[in-house]
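Please keep the model open while reading.

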Amino acid sequence: MTQLATFVIFVSNFEASIVFYCNFLGFMIAYDWQKTGEERIVRLRNKDYNIQLSLQLPTSDWEQQLAGKQSGNYPFITLEVSDLEQRYNTLVQNGAPFTRDLVSTPFGDFAYLTDPDGNKICLSEYWVDA
């Protein structure tokens, strides 16, 4: 069975978020729809991870409070990659907003960055199966 997961992310700026997720994390626009006077719907897709991100502008005070804080102190999304060190170095050269240097542990390497609203993203490469 193929699974497809969709995450909703509250963003303050569609364009900045699209640039971040597409340029740094390899997502592409699945669709971008807006009818005059109605809410805009933007969905990004990443075929490597088989997930979609639905970008939403907050429409209530409660949703506004979630922008950039959707996961507390933990990464909102963790993406497993191969050859993380090479990917990390390329992203650093391209100006990706990492929050700390590459972290190496006995069980894997990790890199942490934030999207334009402060949502935490982790790139990981595990050495052992969890």
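In what order do the four strands of the open sheet stand?

1. The model is predicted: local features need pLDDT of at least 70, side-chain atom pairs count only at pLDDT 80 or more, and totals for chains, interfaces and linings use all residues. Residues are numbered from 1 along each chain as its sequence is written, and side-chain values use heavy atoms, with hydrogens and water left out.

2. The order is E5-E8-E7-E6, with mixed pairing. Strands here are DSSP runs (E, at least two residues; helices are H or I, at least four), numbered from the N terminus, and two strands pair if DSSP finds at least two bridges between them. Strand E5 (77-80) and strand E6 (103-105) each have a single partner strand, so one side of each lacks a neighbour in the sheet.

3. E5 and strand E8 (residues 120-126) run parallel and are joined by four bridges. Leu 79 is placed opposite Leu 123 in E8.

4. Helix H1 (residues 14-25) packs on the sheet and touches E5, strand E7 (108-114) and E8; contact means heavy atoms within 4.5 Å. The direction of H1 makes about 15° with that of E8, whereas helix H3 (residues 84-93) lies across E7 and E8 at about 145° to E8. Axes are lines fitted to C-alpha atoms, for helices over the stretch in contact, and angles run from 0 to 180 degrees between N-to-C directions.

5. Tyr 21 touches residues including Phe 27, Leu 44 and Ile 121, not counting residues up to four places away in sequence.
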